[in-house]
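Hi everyone, thanks for coming. Let me put a structure up on the screen and then walk you through it.

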Amino acid sequence: MMGLAAMDDGKLKGEWKWIGVLVGVFFLVSLPLLSVLSGYRGDERFYTDAVMGMRESGDYLTPRFGDGRLRFNKPVMTYWVIVASNWVWGVNYACTRLPFLVAGCGTILLTAAIAKRMLPKERWVGLLTAGLMVSNVHVLNTSIRTTPDMLQGFFVSVCLYGLVRILVGFEGDSGWGRRWSRWLFWGGLGMVCATKGGMAILLMVLTGVIFLWRGPVIFAGEGWWKRVGRIVDFWGMLMGAVFALGWFVLIFWVHGWGALVQFWTDQVGGRTAGSKWYIVENLGQYPLMLVVDLLPWAAVMIFLGWGRRAEVKAFGVKYGEEIRWAGVWTGILLVTFIMGNIFRNRYLLPAYPLLVPLMAGFMAQMLKGDGAGRGKW
């Protein structure tokens, strides 16, 4: 398994400076779009209406539809974020959407940080990763709307960043650095559940695959308990459990089984109803749209790798485990959403924090050229 490469501090700081500039430009360019009503998405009303009802009733535990019916389709975190923003900045479209733009900027920064951990020997991979994220239409669209997708994407990135820190360079971290990695993983996992529910289960499946199936490869020579000790942390797990389950326990206490049944129906029951022909349609749609949504950079990758078999193979050998992580994670997401009766290409955004860094690393290596294949461009 790769360790962290020694990097010149000046170059490291210089790269983060430019990443910060890029994210700052993204924020400033997107800021005026927050008040543009032509970009309104119908799902936004579920959250804005519920928050208005919370403010009027003083019941910040129970989301409701605009007509007053109980709405337990999604966990409460998105509503609380909007409430906090309205309390600080006021009630209008821009202020309601602002936290999601901040979450989008945070997701870009975390994805760049993941890239620098996953591919530490590729120069400027963090900046290139941030560039790919900033230029992605779904990153922009979900950052300027009041829906839980980007908030979920941010917490998925927190969780994955913690996991990557555990998997890469863990031995180089101090004791507090290792604990911090575990807390990022477990805290991020809990917040994913508190934001949109079921994605947290998929992240646990990914972690199980890595530690159980790939564990003997990644942690060669380590005993079972040492491998488990890399990720187990009592306080981190307790924090994650409180984040994940706290609201569900409270709504069960106040509203009974009906609240949990409504949540289950939205997450699973209602998503698998129907004739199942939608599975055939999704089999073609989701994989295709994953590639289309990553254009033009997916095409640039093909162009850079065309006819350079030796260099492509060298990249695959160099980052074989990292490619498998991203492949397994993307595969879990594809299988999950293909089985559902609703198609939303933005559902695949959680694949980006592992997928985009590899795209950036591949392009960086192809542009650099290592003397194999056709050499430097």
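First, some ground rules. This is a predicted model, so to speak of local features we need pLDDT of at least 70, side-chain atom pairs count only at pLDDT 80 or more, and totals for chains, interfaces and linings use all residues. Residues are numbered from 1 along each chain as its sequence is written, and side-chain values use heavy atoms, with hydrogens and water left out.

Now, confidence. pLDDT is the predictor's confidence in each residue, from 0 to 100. The protein averages 88, and 93% of the residues score at least 70. By contact I mean heavy atoms within 4.5 Å.

On to the empty spaces. Rolling a probe the size of a water molecule over the atoms shows where empty space is left. Here it's done on a 1 Å grid over the protein atoms alone: a cavity is a set of points where a 1.4 Å probe fits but cannot get out, while a pocket is an open set with protein on both sides within 12 Å along at least five of seven lines, and lining residues have an atom within 4 Å of a point. Grid points are joined across faces, edges and corners, and a volume is the space filled by probe spheres set on the points.

So how much space lies in the largest pocket? About 1,100 Å³. It has 45 lining residues, and those nearest its centre are Lys196, Gly197, Gly198, Met199 and Gln267. Several helices supply at least two lining residues each, among them H2 (44-57), H7 (148-167) and H8 (175-196). Helices, by the way, are DSSP runs (H or I, at least four residues), numbered from the N terminus. By class, the pocket lining has 25 nonpolar, 11 polar and 9 charged residues. For those classes, Ala, Val, Leu, Ile, Met, Phe, Trp, Tyr, Cys and Pro count as nonpolar, Asp, Glu, Lys and Arg as charged, and the others, Gly among them, as polar.

What about cavities? The search finds 3 of 30 Å³ or more. The largest has a volume of about 60 Å³, and its lining includes Thr107, Asp149 and Tyr352. H7 gives the most to that lining, with 3 residues, and the lining divides into 6 nonpolar, 2 polar and 1 charged. The second largest cavity is about 40 Å³. Tyr352 is in its lining too, along with Trp297 and Met359, among others. There H18 (352-368) gives the most, with 3 residues, and the lining has 6 nonpolar, 1 polar and no charged residues.

Next, helix packing. Two packed helices are described by the angle between their axes and the distance between the axes. Axes here are lines fitted to C-alpha atoms, for helices over the stretch in contact, and angles run from 0 to 180 degrees between N-to-C directions. Under 35 degrees counts as roughly parallel, over 145 as roughly antiparallel, 65 to 115 as roughly perpendicular and the rest as oblique.

Take H8 and H12: their axes come within 7 Å and cross at roughly 5°, which means H8 is roughly parallel to H12. Their contact divides into 11 nonpolar, 4 polar and no charged residues. Then H12 and H13 pack at about 130° with axes 6 Å apart, so H12 is oblique to H13. In that pair, Phe248, Ile251, Phe252 and His255 from H12 meet Trp257, Gly258, Ala259, Leu260 and Phe263 from H13.

Last, two backbone details. Leu295 and Pro296 are joined by a cis peptide bond, with omega about 5°, and Pro296 sits in the loop between H14 (277-293) and H15 (297-305). Trp124 has a phi near 65°, a positive value in a residue other than glycine, and lies in the loop between H4 (93-118) and H5 (125-134).
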